[in-house]
Amino acid sequence: MPYISTKTNIAIPKEKEIKIKERLGKAISILPGKSENWLMLSFEGDSSLYFQGKSDKPIAFVEVKLFGKSGGEAYDKLTSEISKILKEELSIDPGQIYVKYEEVSYWGFNGSNF
Amino acid sequence: MPYISTKTNIAIPKEKEIKIKERLGKAISILPGKSENWLMLSFEGDSSLYFQGKSDKPIAFVEVKLFGKSGGEAYDKLTSEISKILKEELSIDPGQIYVKYEEVSYWGFNGSNF
Amino acid sequence: MPYISTKTNIAIPKEKEIKIKERLGKAISILPGKSENWLMLSFEGDSSLYFQGKSDKPIAFVEVKLFGKSGGEAYDKLTSEISKILKEELSIDPGQIYVKYEEVSYWGFNGSNF
């Protein structure tokens, strides 16, 4: 039950989005017990974002929401991998990327909560 | 002080959005002490979403954010009702819907925090 | 490592967005140790929002996400300032604005977590 949203101020070409989708589908396994089988993804390009008062470079804000807790070490590895993916696929400098985690206690699927 | 955002990869026709708005306005009373009088809603159709690596079916990601805590039983009932509403109004299969809860400690309204 | 997203149902003219960006860049210093040097901002105008079942007035939903905790008193001051900014720049009545806080335990930047 993880969810990753990727918001950036640059356009996300469809073929890049699909590539990132595939790579995030693999990366999510860094979190114990998580896999693409439960992963929902959201992409939002051409957003109005500012970092350090500026918007002249590519910027990304990534939110990872997961049911339960995976621990700081796993999150650290995932941040590294997500940053690598966005760098390689969209040329976003990791110094312009925030990856934020939310551990969720109540999460519903198929009409009831886990 | 609840807020419900509904994000989906399909279009949300205006008349459906209004219907869902009305039904969520009733459903929110499932949470003790909450009512449409304090409910804020957000709708986002035609979003780029993937679930289980695919985007060929209708998908929805719903976030329920509330000030304080209502307890797991109430959230479970609300998940059931929200899934029912999205199934009936937008034909989204509950097996393609995540409903995520966030209990919020600090919430501002009218210039100051509760 | 704060992030503030501003979502509203009215249009945000570019010159107003820049003004709000500048003012939020100053306001963030209300939170101890935070500054525009670490601030990421997101703006989303013309969103589909409802408050109290209606969408005929300007509405705003603001999310403040920060690494760590700043304490209720600082959040209260920030809510007051954010509401003032949105009132003055976009004529949104503070009684139509929610400002929600999220204290984040895991936050990544530049490829690794803080």
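User: How many residues of chain B are in contact with chain A?
Analyst: In this predicted model, 29 residues of chain B touch 27 residues of chain A, with contact meaning heavy atoms within 4.5 Å.

User: And how much area do chain B and chain A bury?
Analyst: About 2,300 Å², with 53% of it on carbon and sulfur atoms. Buried area is the accessible area (1.4 Å probe) that two parts lose on being put together, summed over both.

User: How many salt bridges between chain B and chain A?
Analyst: The count is 3, taking a side-chain nitrogen of Lys or Arg within 4 Å of a carboxyl oxygen of Asp or Glu. A:Glu102 and B:Lys100 meet in a salt bridge at 3.0 Å, N to O.

User: What about chain A and chain C, how many salt bridges there?
Analyst: The rule finds 3 across that interface. C:Lys65 pairs with A:Glu63 in a salt bridge at 2.7 Å, N to O.

User: Switching topic: at what angle do α1 and α2 of chain B pack?
Analyst: Helix α1 (residues 14–27) of chain B and helix α2 (residues 72–90) of chain B, both DSSP runs (H or I, at least four residues), pack at about 160 degrees with axes 10 Å apart. The axes are lines fitted to C-alpha atoms over the stretch in contact, and angles run from 0 to 180 degrees between N-to-C directions. That makes α1(B) roughly antiparallel to α2(B), the term for angles over 145 degrees.

Methods: Residues are numbered from 1 along each chain as its sequence is written. Chains are lettered from A and ligands numbered from 1 in the order in which they are written. This is a predicted model: local features need pLDDT of at least 70, side-chain atom pairs count only at pLDDT 80 or more; totals for chains, interfaces and linings use all residues. Side-chain values use heavy atoms; hydrogens and water are left out. Helices (H or I, at least four residues) and strands (E, at least two) are DSSP runs, numbered from the N terminus. Angles under 35 degrees count as roughly parallel, over 145 as roughly antiparallel, 65 to 115 as roughly perpendicular and the rest as oblique.
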